[in-house]
Amino acid sequence: MSDFEDKHIDFVLKHYQEGRFDTLKAMNRFNEARGIARKPRRMILPWVSGIAAAAAAVVLCVLLFSDSYRQIQLVAGAELQEFVLPDGSEVTLAPGSRLTYRGKSPRKTQLEGKAFFEVARDEAVPFEITADGAFVRVLGTKFMVDAGLSVKEVYVTEGKVLFARSSDSDGVILTKDMQATLSQSDAVPVIAVEADVNSIAWQRGSFIFDGTPLKEVLETLSEHYNVSFVANDLDKQLSGEFHAEDLDLIISLIESALDVRIVMR
Amino acid sequence: MAHTDIHIDFDDLFRYNYRPLCLYALHYLQDIDLAEDMVQESYTALWEKLQEGAHVLNRKSYLYMMVRNRCLDHLRKKGIPTESLKPYDTYGVIDDDDAQERSQTEARLWTAIDSLPEKCREVFIMSKRDGMKYEEIADELGLSVNTVRNQISKALKVLKDGVHKLYMFFFA
């Protein structure tokens, strides 16, 4: 992604007009329409920021040094808990789950329980998760691992993931919207014919849709909230993530995103 | 894409995504003015939602979706048949995920082209967009072929650096 290709430059040049798509102008237009005055820029005196930077560097070094061999445990109590790992990866642990790693290698983790990962990209260092009798190597970004007692399950929402019994056994590669399970009798994980996105939506307390037709979205919401819906255009597609707390808000967000009317019955 | 971006303030959401969203809309609409309108409308609609207390976990992907649906509605109203409601590039139909991803790179390219010195940009556009030969450009602008060649390689370097530098800035 650090480079561009002919198709990019061709498209941009076809439409390019000097000074158009001006972000600042658009922001001003937006703010004026809303009556928001521009915030004055904060002034930081150079020597103040210089000292701050030096202090930050010292603290960082100390942390890096002392943490490098320590085992670190992230634990979720009664509720979902989100963590950011030192490499920038984000982990959401389901209640009662635990993720462990050594300070010097935060991309080699051990999981007990269930977690949703959003892995920071680093092609040189793969992100690995070991659970009792299962091994996952991440070649991409977003996925869920359920290291249940008898069945291990991996669900991928974005990118590519290798799922196997151990780091040196045969495995399967999962991509977007693929799900596989590994039970004690399997040597190799079995890919599910039809993955259910909402298996994670439930765990995360939010609904995740990705190009889902409104008809299916409403069916999912019906199941969750026990109400039924009618809408004026069921073919429109919804993508995004919605908190499961407030049905009225979800409905109003969907209406505004898709420009549809939804009525609860 | 991050799971949530609620910690980013609205100004930054605007600053970092406005141009990519415009390029994204452009893939659907092929019209700069319309693209800007759709993006502006989407920001306004999102702002209003947030003022009402709506909780949007990933506002960036929500914005992309709002822009897409506004583009599709516009095209539908113009009577474009449903099967043709697709994003396009100069070679033909592309898919929506691709359009979203490309919009980032293309926005940076747009910025980099804006930053070129005027003469350099002119030469570059004549060569790359209009497909003119170096000799033709040199003739038309009263420059030497060598100067034309130098300007084009300078432009390409600025574009490469620009795309790369901004990439580092946003993702490092």
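Helices (H or I, at least four residues) and strands (E, at least two) are DSSP runs, numbered from the N terminus.

I noted the ground rules. This is a predicted model, where local features need pLDDT of at least 70, side-chain atom pairs count only at pLDDT 80 or more, and totals for chains, interfaces and linings use all residues. Residues are numbered from 1 along each chain as its sequence is written, and chains are lettered from A and ligands numbered from 1 in the order in which they are written.

**The helix**

I checked the length of α2(B), residues 32-51. Its 20 residues should span 28 Å at 1.5 Å a residue, and the end C-alpha atoms are 29 Å apart, so the two agree. The expected span is 1.5 Å times one less than the number of residues.

Which residues of α2(B) are buried? I listed B:Ala35, B:Glu36, B:Met38, B:Val39, B:Ser42, B:Tyr43, B:Leu46 and B:Lys49. They cover an arc of only 165° around the axis, which puts them on the same side of α2(B). The arc is taken from the directions from the helix axis to the C-beta atoms.

I looked for what covers these buried residues. The cover includes α1 (10-29) and α3 (59-77) of chain B, together with α2 (23-34) and α6 (247-258) of chain A. After α2(B) comes B:Gly53, with a positive phi near 95°.

**The chain**

I counted 7 helices and 2 strands in chain B. Their order from the N terminus is α-α-α-β-β-α-α-α-α. Of its 172 residues, 38% count as buried.

**The core**

I then traced the largest nonpolar core, which has 61 residues. Such a core is a set of buried Ala, Val, Leu, Ile, Met, Phe, Trp, Tyr and Cys residues joined through C-beta atoms within 7 Å. Among those with the most contacts inside it are A:Ile254, B:Ala25 and B:Val39. Its largest share, 10 residues, comes from α1(B).

I followed B:Ala25 next. Beyond its neighbours within four places in sequence, B:Ala25 is in contact (C-beta atoms, placed from the backbone, within 7 Å) with B:Ala35, B:Met38, B:Val39, B:Val67 and B:Cys71.

**The interface**

Last, I looked up where the chains meet: 40 residues of chain A are in contact with 44 residues of chain B. On the side of chain A that touches chain B, α1(A) gives the largest share, 9 residues.

Definitions and conventions
Buried ≥ 20, exposed ≤ 12 C-beta atoms within 10 Å, placed from the backbone. Contact = placed C-beta atoms within 7 Å.
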